[in-house]
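Dear colleague,

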Amino acid sequence: MHKCIGIILLVGVCAVPSFAQIQKFCIPGLAPSRNVTSLEFSPAITVVDNDGGVSVNTMTTKMYYAFTPDYNIGIEVPLSRFESPEQSVNGLGDILLSAEAIHSVHYVDWGVKLDTYLPTATDDLLGTSKWIVSPAVFALVPVSTNFFVAAGYKQYISVAGEGSKDNINYARWRLLLTYMADAQWWVTFDPQYYVDYENSGQAELIWESEIGVMVNPGTALYIKPGAHLGGNWKSRDWTFSMGFKILYL
């Protein structure tokens with residue numbers, strides 16, 4: 001998979017909180033600072049080049065264990081298929097290991113996260129061939145009982161792997177706006193801005209949204225469309241994923 005016009009700053013989190021703190025959000029695991037033990041299955045398609053017929057299909061199994069609401073670890077295992085007019089490849093993608101810690105100060109939840117992408121892909125077309133370390137920080141503020149704003153910064157840095165492959169060093173700025181209805185459904189707007197520090201001047205603005213519903217107290221379903229909006233760095237034309245999540249394992 002291949003690797004805009006202004007940085008999305010950490011604004012929006014300054015809205016005055018009211019009515020409820022994060023702990024009272026009724027949909028478990030939706031806010032990035034509210035952790036719950038879960039098992040998730042997420043099929044997705046990423047169309048890298050719509051005109052050229054290049055795409056990547058994945059089925060990712062995600063398992064997260066919450067020691068407490070403020071600490072968790074997780075693993076994500078993708079099975080992938082790369083397709084182009086010239087060739088098609090199936091196999092295992094790069095496995096993700098994750099750890100997260102949260103600290104609440106008044107109404108604001110502050111989080112730190114460390115992701116590690118292992119070069120486990122069975123083909124170069126299904127992964128980066130690099131061991132990537134990805135630290136992140138974020139803040140989340142409740143605006144009301146049904147709406148929160150979160151913003152964060154994440155860095156991706158390759159620390160080992162095939163020497164013939166380009167080093168990886170880029171960042172993601174993210175703003176997350178989420179509305180949660182009392183009827184147990186939600187919708188998010190999630191613009192993301194990527195800056196490539198390895199190749200000066202390259203950047204990309206991506207939009208994603210999520211619409212989901214709690215089927216019952218222990219399961220949730222969602223769909224998540226997304227697209228490239230601008231910038232001279234283009235990792236995709238559009239994406240679409242869905243997910244089935246089992247909670248409280």
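From the N terminus on, the elements of the chain run β-β-β-β-β-β-β-β-β-β-β-β-β, which comes to 13 strands and 0 helices. Helices (H or I, at least four residues) and strands (E, at least two) are DSSP runs, numbered from the N terminus. Please note that this is a predicted model, in which local features need pLDDT of at least 70 and side-chain atom pairs count only at pLDDT 80 or more, while totals for chains, interfaces and linings use all residues. Residues are numbered from 1 along each chain as its sequence is written, and side-chain values use heavy atoms, with hydrogens and water left out.

Surface and burial

The chain exposes about 12200 Å², of which carbon and sulfur atoms supply 63%; accessible areas come from the Shrake-Rupley method with a 1.4 Å probe, and for residues only the protein chains shown count as cover. Of its 249 residues, 46% count as buried. Buried means under 20% relative accessible area, exposed means over 50%, and partly exposed lies in between (1.4 Å probe, protein chains only).

Strand pairing

Strand E6 (residues 108–117) and strand E7 (residues 130–144) run antiparallel and are joined by 9 bridges; two strands pair if DSSP finds at least two bridges between them. Thr116 has Val133 in E7 as its bridge partner. E7 is also joined to E8, again antiparallel, by 12 bridges, and the two form a hairpin with 2 residues between them. Here the bridge partner of Ala139 is Ala151 in E8.

Nonpolar cores

A nonpolar core is a set of buried Ala, Val, Leu, Ile, Met, Phe, Trp, Tyr and Cys residues joined through side-chain atoms within 4.5 Å. The largest one has 14 residues, of which Ile27, Phe148, Met180, Trp186 and Met214 touch the most other members. Strand E8 (147–161), strand E9 (169–180) and strand E12 (219–230) each supply at least two residues of this core. Apart from it lies another core, of 7 residues, including Ile132, Ile168, Tyr170 and Ile206. Met214 is in contact (heavy atoms within 4.5 Å) with Ile27, Pro28, Gln184, Trp186, Thr219, Ala220 and Leu247, not counting residues up to four places away in sequence.

Individual residues

Glu208 is found in strand E11 (residues 202–216) and is buried, with a relative accessible area of 14%. Its side chain makes a polar contact with the side chain of Gln192 (3.3 Å). A polar contact is a pair of N or O atoms within 3.5 Å; within protein, one must be able to donate a hydrogen and the other to accept it, and residues adjacent in sequence count only if both atoms are side-chain atoms. Beyond four places in sequence, the residues that Glu208 touches include Thr188, Lys224 and Arg236.

Lys234 lies in the loop between E12 and strand E13 (238–247). This lysine is partly exposed, with a relative accessible area of 42%, and its side chain makes a polar contact with the side chain of Asp237 (2.5 Å). Lys234 and Val48 are 186 residues apart in sequence, yet 8.2 Å apart in space, C-alpha to C-alpha.

Ser84 has its place in the loop between strand E3 (71–83) and strand E4 (88–92). Ser84 is buried, with a relative accessible area of 14%. Leaving aside neighbours within four places in sequence, Ser84 is in contact with Gly53 and Val54.

With kind regards
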